[in-house]
Amino acid sequence: MNIIVIGGGAAGLMAAGTAAEQGANVTLFETNEKVGRKLFITGKGRCNVCNDCDAQEVLRNVPVNPRFLYSALGAFSPADVKAFFEEKGVALKTERGNRVFPVSDRASDIIDALFLWVRRTGVSIVHASVSDLIMQDGRVTGVRAGRKSWPADRVIVATGGASYPQTGSTGDGYRFAREAGHTVVPANPSLVPLVEKGETCRELMGLSLRNVQLTAFENEKKIYTDFGEMLFTHFGLSGPLVLSASAHMRHIGSKNYRVEIDLKPALDEKTLDKRLLADFDKHKNSDFVNALGELLPRKIIPAVIEKSGIDPREKVNTITKKQRASLLRVLKCFPVEISGKRPIAEAIVTTGGVSVREVSPKTMESKKCSGLYFAGEVLDVDAYTGGFNLQIAWSTGRLAGLSAAQEEK
């Protein structure tokens, strides 16, 4: 059984090693000089391997086509992923939000473990770009790479999406899928920073907020809310909360989006009002602009005051209850209008890809072309931050490798 795997990322390495363990003769094509290049930059170079949760929790964190993953997750769960890497000698730890990382905090440990595993199982690695699939009578029979034809009984496409093209994710997998007759849902950035409509964020550039609540709205409908960290940038917003919110903004251009930041989520309005009154009492003879230093980071105070509509030079002891209510609204719902997302090249993952209606969820095999399989981000499945996207890669890669190696045609 000759199997070709296109793409040496998380899904491709898992598929290749798994198929080789089943006795298949596996050739892995990778454009870059080294495998796992995108893994190097996941989790800020630490590699958020998976999330320490059950399969149902993974599915709750997959906003696009979660049902497609039932079989893949059933066969290779987060617990299985942890056991897999620990058996390969990588010590793991679980951090906030059940995120799993190598104890060393080095993504290279994950890549090295995968590389040694695939080499030990006998996978041949060819550092070349696949230009085309070779198909005959409705089935795939090989690939073309470097002016040479490579025959195969099965081909697994694990080329990634279109995010971070410098790592090799250039969207080739979408082209291969179309050649085989597949529908490809247009790729768009997901888990990506957001661009502001206005200048507020530029003025706050560099300010990082912790323990805030961010709520996203689509045409006044609440579509996402969570607690955590975020960052103001020269173009808009970034950070974990913002990246997750972006995954829900699927109609940029045709619908209106905004986010509201609760700067003091631990305090309800009544408690926060008491806090304001206490601070105002301390600074009753001061200008309003000088009365918020104990409540807020200094950098955000001018923006909060501007949005409250209160004159920054107004004396604190003259501020009315109505003005204080306006300030409270800003503190609990600091608004940022969103005009768009940063380019797809800056996205952690892409939403869109090969339509899962045309792929068997029990095997990852194409329903359009016999012997052709898909795994990882090339599929129209994506998740939130927290290790869930890598879990999709491991699970679908594992299932594709098993199915390709074992199925009789």
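Mentor: Let us begin with a pair of strands: E1 (residues 2-6) and E2 (residues 25-29) are paired in the parallel sense over five bridges. The model is a predicted one, in which local features need pLDDT of at least 70 and side-chain atom pairs count only at pLDDT 80 or more, while totals for chains, interfaces and linings use all residues. Residues are numbered from 1 along each chain as its sequence is written, and side-chain values use heavy atoms, with hydrogens and water left out.

Trainee: What makes E1 and E2 a pair?

Mentor: Two strands pair if DSSP finds at least two bridges between them, and E1 and E2 have five bridges. Strands themselves are DSSP runs (E, at least two residues), as helices are (H or I, at least four), numbered from the N terminus.

Trainee: Why are E6 and E19 said to stand at the edges?

Mentor: The open, parallel sheet has five strands in the order E6-E2-E1-E10-E19. Strand E6 (124-126) and strand E19 (372-374) each have a single partner strand, so one side of each lacks a neighbour in the sheet.

Trainee: How do you know that Cys-47 is in no disulfide?

Mentor: A disulfide is a pair of cysteine sulfur atoms within 2.5 Å. The nearest cysteine sulfur to that of Cys-47 belongs to Cys-50 and is 9.4 Å away. For Cys-53, the closest cysteine sulfur is also in Cys-50, at 7.8 Å, which is too far for a bond. The count by this rule is zero disulfides.

Trainee: Why is Cys-53 called buried?

Mentor: Buried means under 20% relative accessible area, exposed over 50%, and partly exposed in between (1.4 Å probe, protein chains only). Cys-53 has 17%, so it counts as buried; Cys-47, at 0%, is buried too.

Trainee: Why is H10 called oblique to H11?

Mentor: The axes of helix H10 (residues 301-308) and helix H11 (residues 321-332) come within 8 Å and cross at roughly 130 degrees. Axes are lines fitted to C-alpha atoms, for helices over the stretch in contact, with angles from 0 to 180 degrees between N-to-C directions. Under 35 degrees is roughly parallel, over 145 roughly antiparallel, 65 to 115 roughly perpendicular, and the rest oblique. The pair is therefore oblique.

Trainee: Which residues make the contact between them?

Mentor: With contact meaning heavy atoms within 4.5 Å, the residues include Val-304 and Lys-307 of H10 and Leu-327 and Val-330 of H11.
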